[in-house]
Structures are given as C-alpha cells and as structure tokens.
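Welcome, and please take a moment to look over the sequence and the 3D view below. We will then walk through some of the contacts between side chains, one kind at a time.

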Amino acid sequence: MKPLNLALFALSTVACVVCEQRIEPHAKKLYFDLMTYRNYNPLIKPSGDADGKLTVKLGMRLSQLLDVDEKKQVISLSVWLHHEWTDLRLKWDPDDYGGVKKLHIPSNQLWRPDIVLYNNADGEFVITLQTKATVNYNGKIVWEPPSIYKSYCPIDVEFFPFDMQHCFLKFSSWTYNGNELDLQHMCNGVETQNDGLVITRGIDIRDYYHNVEWDIINVTARRKEKFYACCPGPYPDITFNITLRRRTLFYTLNLIMPCISISCLTVLVFYLPSDSGEKITLSISILLALTVFFLLLSDINPPTSLVIPLIGKYLLFIMIVVTMSIFLTVYTLHINFKTPTTHKMSPWVRRVFTEILPKILLIKRPSLDKAPKVAVRTCNGIEMRETAAAAAAAARSRDWHMYENVRHGCRSDEMEEEGNFTPDVKEALKGVKFIADHMKNEDEEMAEIRDWKYIAMVMDRFFLYIFTTATFSGTLSIFLYAPSLYDGREQMEREDPNATCVY
C-alpha cells in the first residue's frame, strides 16, 4: 500500500505543477492586457451607470475592541473594511484567458474610493496598509484591507462604573458627492423618517475576539445624506454604531467595595466611647481615605463638568456624612466633658435625654443596687445605715432629707451640749461639718457629671442609628439608580442566527 500511496502523491504533485504552469501565463497575459494594453488609469473614476454615478458598497468586520480611553474619549478598533464596486474597464471573457475568473491586483494600481473616517481621533484618516484587491471577470472589485481606527466616542460617565457607551464610526467619500458616488451598505435595511436607512446588524462580528472589560450589546449601521456648506450636492455617509456595556467586576472589587467598607467605618465613630480619645482621629482618617479615592477617580474619568459619575456621587455623599459626623462628634465630646462648674443642666434636657430618649432607643441605665452598704455615724454616736444605691438615688434627686435630719439633730444636740465641749472639740466638730458639706457637694457634682456623660452616650447612640440608616439608604438609592443593572440583554453572539447580513 505504501508504494501505491507514494505514486498517487507524486502524480498529484506533478498535476498541480502542470496546472500552475498552465494558469500562470494566462494570468500574466490577463494582467498585461488589463493594466497596460488597455491603458488603465487608476486616477480616473469608473463610469458607473448611465448617469455616471458609481455605486460603492461598504461593510465592516469587527476583529478586536482594543481600547476605550475614557479620559481622552477615544475608542480604538481593529476592523476589516469591506469595499465593493464595479469597474467596467476591468472586464474580460474567462474563455479567452484559460478560464481565469478572478485576478489579485495590488490596490495601489487600481482606482479606489477615497472613503475616510470623519470622526477620526488620530493622524491617519485613511487605510495605510495597501493590500491586494480581488478583481472578478465581470468587473466587480472586492477590497477588504485591515485597519486600526481611533475614533472620537462621547463618553457618558453619569453611571460609571455601571455605564453603557454608544460609539460610532462615520465613513464617507471625501471627494465625490452623492451625484458621483453612491455609497451604500452591503446589506439591506429599513428606511426610517429621521435616521435614514437603518441596518439592524450592520457590523459583522463573526471574527470578533471578546473584550475583557466591555460587552457588545448592539451593532447597527445607518445611511444618511448630508449637505455641507463648502460643497454643492448631498454627501452620503454610513455610520456604524456600537453599543458597549462595561463589565463591573473589576470596579466592584477594587473601587466600590472599599468605598462601602469605609462608609461602614463612619457609623462606628458613634459607637466608640467618648473617653477613649480616638473618635476625631478615626473620623479624620476616614475622610483622608475618601479623598484618596476621589483623586483615583479623577484620573480615570474625563474632566467633564456636565455630569457627576455615579461613584463620584457616592464618594461625595460619604464625604458629607463623614464631615457631619465630625461636627456631631465634636459636639458629643463637648457634652461628655461638661461639668457643673461650667454648665448648668436644664430640666428639659434632663427629662428628654435621661428619661424619654433612652426608652425610645432601648437604653437602660445601669443601677447601683448591688453595691455594699455605707455606714453613717451621727454626731451623737448613733449609727444609721443606707445602701449606696439609696445614696446615689438621693444624690440624683437632690433628696438629702435623711442627711438634713441628721444635721438638724446634730444642731439641736450641739445647742444643748455646746456648753459641755471644750474649745478644741468645738473646733473639731466644725471641721467635721465642713468635710461633710464638701463631700455632699462632691457627690452632687459627680452625679451631674455622670448625667452629662450619660447624655453624651445617649446622643451617640441616637446618631449611630441615624447615620446607619442614612448610609444604608444612600448606598442603595445611589447604586440602584444605574439603568444597566436592569438591562437583561446578553452579549451578542458571533454568529447571526437569522443571517440578516452576511457578506
């Protein structure tokens, strides 16, 4: 079997060589006749129809989405631009040239339509790589050169990073108007009143390589005619529209989640005790972290003053919340360190912040019922006992009747027995009375200081609930406002299931 296979392979190789030698002279002769014998001039436009109007069909195959530069508002695409037109000067009879039906000729030796990208954002407006064109025996020319276009794309950052961008590439002839060159799309479309001829799947994406950041949601083409002030006659143009939707996983993990985590730290400022001395430090640290994220965001987005990005709105909201928390933290610290020597507590403040608001916030003030008993000795030697809780309650209510009774009893006994004491004893009794009055005043001051600290704690708990609710509601209302979250369209498939536009 092996010798037989080798013989067949050798026979087929010889046949191919003979075939090539037979076709090559015909193609060479055809090329000579078309370009030299017929005196073909690539500077002269083909005649086209009877009116001299040449029809040029244009199509675009998308290969890669290279980059979307939000800051410069430029989109970079790698495409194959498909051209078709008919040049009657390049017709021949295949029977006269050994059955050759098509010929590949360098495009720079042929007349080509000067189709340029009108919204170009780079130095090159035209195709730079001069590939060969396919010339058919009926005069039909197909030219599909690859090219990288950088076009202007208006970036809408209102819902960044949950945004959708609508970019377009506008192609038209720079020299010939609509009376000389009729620019048409490769596929048929639907005629509309405002947008002209619309082709639903106007870009071929069968050879498209998916992008890691953007999903292609829609590709359409539109043909319109426009009049310019410089030149008479209409100029037809074909605009290829590309709708892109951003993939948000990267920005969610690296931008949104850190911002939400920092916003959660804001509410913890009010949970930190006032006596710790770190409340202001924590607030300032959060504010500095948000400022860093603001600077990072300004490097990504274009310097526009039209709208504020969605993540920018959220950062601005959190910065306002943090700034308000700093003001309120300073005020609660001011309340916490108030003393009776500098401030006097109003009755309505005591009632609202020690009785009414704690019940609403479900705060229970700790009691001193389990404290050890305190022994009190009167001036006449009789001992009276009361618990520390009763002493604290008496101090809070300013009910000093039991001490007053003791003092009145002491005064009466002193008046009765004053004559029986020596001057040293009398002086000692005065010192004891002074110490007792001083301790009573200290107890009153300490009770009011504890009331101020309790009021500061109640205010912190109240602000904790308020800021937690505001942060949670603001986060949901800002991020759920993005319309792309409710867009259920999937990324377009490479193959068109309906085969509406195939070329």
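A disulfide is counted here when two cysteine sulfur atoms lie within 2.5 Å of each other. Such a link is a covalent bond between the sulfur atoms of two cysteines. Please keep in mind as you look around that this is a predicted model.

Let us begin with that kind of link. How many disulfides does a search of the whole structure find? The search turns up one. As for where the two ends sit, C153 lies in the loop between β7 (146-152) and β8 (164-173), while C167 is in strand β8, so the pair ties together parts that are 14 residues apart in sequence.

C230 counts as exposed, at 64% relative accessibility, whereas C264 is partly exposed, at 44%.

The structure holds 15 aromatic pairs. F160 is buried at 1% relative accessibility, and Y251 is buried at 10%.

Y251 has another aromatic partner, F250, and that pair is also edge-to-face, with 5.3 Å between centres and 85° between the planes. Is F250 buried or exposed? At 53% relative accessibility, F250 counts as exposed, because the cut-off for that word is over 50%. Elsewhere, Y118, W174, Y228 and Y235 come together as one aromatic cluster. A ring can also meet a charge: the charged end of R365 sits over the ring of Y454, 4.5 Å from its centre.

Charges meet one another as well. The count of salt bridges comes to 19. Among them is the one where the side chains of R61 and D204 meet, at 2.6 Å from N to O. Here again distant parts of the chain are linked, with R61 in strand β1 (residues 54-69) and D204 in strand β12 (residues 203-204), 143 residues apart. R61 is buried at 12% relative accessibility, and D204 is buried as well, with a relative accessible area of 6%.

D204 also meets the side chain of R206 in a salt bridge, 2.8 Å from N to O. R206 is partly exposed, with a relative accessible area of 27%.

Another salt bridge is formed by R246 with E70, whose closest N and O atoms are 2.9 Å apart. This pair links distant parts of the chain too: R246 is in strand β14 (residues 235-246), E70 is in the loop between β1 and β2 (74-91), and they are 176 residues apart. Both R246 and E70 are buried.

To finish, let us move to the surface. A nonpolar patch of about 540 Å² is made there by F472, L476, L480, L485 and Y486. To find it, look for F472 in helix α8 (residues 423-479). F472 is exposed, with a relative accessible area of 55%.

Key. Residues are numbered from 1 along each chain as its sequence is written. This is a predicted model: local features need pLDDT of at least 70, side-chain atom pairs count only at pLDDT 80 or more; totals for chains, interfaces and linings use all residues. Side-chain values use heavy atoms; hydrogens and water are left out. Patches are made of residues with over 30% relative accessible area and no salt bridge: like charges are joined within 9 Å, nonpolar side chains (Val, Leu, Ile, Met, Phe, Trp, Tyr) within 5 Å. Accessible areas come from the Shrake-Rupley method with a 1.4 Å probe; for residues, only the protein chains shown count as cover. A salt bridge is a side-chain nitrogen of Lys or Arg within 4 Å of a carboxyl oxygen of Asp or Glu. Helices (H or I, at least four residues) and strands (E, at least two) are DSSP runs, numbered from the N terminus. Buried means under 20% relative accessible area, exposed over 50%, partly exposed in between (1.4 Å probe, protein chains only). Rings of Phe, Tyr and Trp (its six-membered ring) pair if their centres lie within 6.5 Å; planes under 30 degrees apart count as stacked, over 60 as edge-to-face and the rest as tilted. A charge sits over a ring if NZ of Lys or CZ of Arg is within 6 Å of the ring centre and within 35 degrees of the ring normal.
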